[in-house]
Amino acid sequence: MIGIFTRRVGVMLALCVLVLTACSPIVRNHGYVPSDEDLSLITVGVDTRETVAQSIGAPSAGGVMNGSGFYYVRSRWETRGFSAPDEADRQVVAVTFDEDGVVENIERFGLERGRVIALSRRVTDNSIRNISFIRQLLGNVGRIRADQFVE
């Protein structure tokens, strides 16, 4: 009698383990995104396309507009049971370059509740902050001609 009870408990335990493992997600990772430590090796305004490719590797995607940047993309997909795969996380690192091929901007984007958000951003410092608003306004005097307003 105890042997039958032990077998039934063993079968029930095996069935419970089978059910629990069927509910655990199957995780797949796709792509590559450099870490913050790797990105700290890149200096905005100094490094070029070649030095970026040597430092953090070749990008998974390039810019559509005249090769404007490098885009590193990583996605994590989870599949539970018989349901369709669901994208649990996505990260994109965008390294943009100016016309001379020098790093202009480094940004990290992620997903939060299905919306793309900027996680971090390093931008080339421009000289607009050093010029007062009045100087910017007066600097445009003479650049605008009357024929630009008439069609």
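Predicted model: local features only at pLDDT ≥ 70, side-chain atom pairs only at ≥ 80, totals over all residues.
**Aromatic pairs**

A pair of aromatic rings is described by the distance of the centres and the angle of the planes. Two such pairs are found in the structure. One of them joins Tyr 32 and Tyr 72 in an edge-to-face arrangement, with 6.1 Å from centre to centre and 80 degrees between the planes. Tyr 32 sits in the loop between strand S1 (26-31) and helix H2 (36-39), while Tyr 72 belongs to strand S3 (residues 69-79), so this pair ties together parts that are 40 residues apart in sequence. Tyr 32 is partly exposed, at a relative accessible area of 36%. Tyr 72 is buried, and its relative accessible area is 0%.

The other pair is made by Phe 70 and Phe 97, whose ring centres are 5.0 Å apart. Their planes stand at 75 degrees, and the pair counts as edge-to-face because planes over 60 degrees apart are classed that way. Phe 70 is in strand S3 and Phe 97 in strand S4 (residues 86-97), so the contact links parts that are 27 residues apart in sequence.

| Residue | Relative accessible area | Class |
|---|---|---|
| Tyr 32 | 36% | partly exposed |
| Tyr 72 | 0% | buried |
| Phe 70 | 13% | buried |
| Phe 97 | 6% | buried |
| Arg 108 | 9% | buried |

**The largest nonpolar core**

The largest nonpolar core consists of twelve residues, among them Phe 70, Tyr 72 and Phe 97. Helix H3 (49-56) and the strands S3, S4 and S5 each give two or more residues to this core. The most comes from S4, which gives three residues. Other members of the core include Val 33, Leu 39, Ile 42, Val 52 and Ile 56. Val 93, Val 95, Val 103 and Ile 106 are also part of the core.

**Arg 108**

Strand S5 (residues 103-112) contains Arg 108. This arginine counts as buried because its relative accessible area of 9% is under the 20% cut-off. Where does the side chain of Arg 108 reach a backbone oxygen? The backbone oxygen is that of Pro 34, at 2.9 Å. The Arg 108 side chain also makes a polar contact with the side chain of Asp 36, at 3.0 Å.

Definitions and conventions: Residues numbered from 1 in each chain as written. Heavy atoms only, no water. Helix = DSSP H or I, 4+ residues; strand = E, 2+ residues; numbered from the N terminus. Buried < 20%, exposed > 50% of the residue type's maximum accessible area, 1.4 Å probe, protein only. Polar contact = N/O pair within 3.5 Å; in protein donor to acceptor, adjacent residues only side chain to side chain. Phe/Tyr/Trp six-rings, centres within 6.5 Å; stacked < 30°, edge-to-face > 60°. Core = buried A, V, L, I, M, F, W, Y, C linked by side-chain atoms within 4.5 Å.
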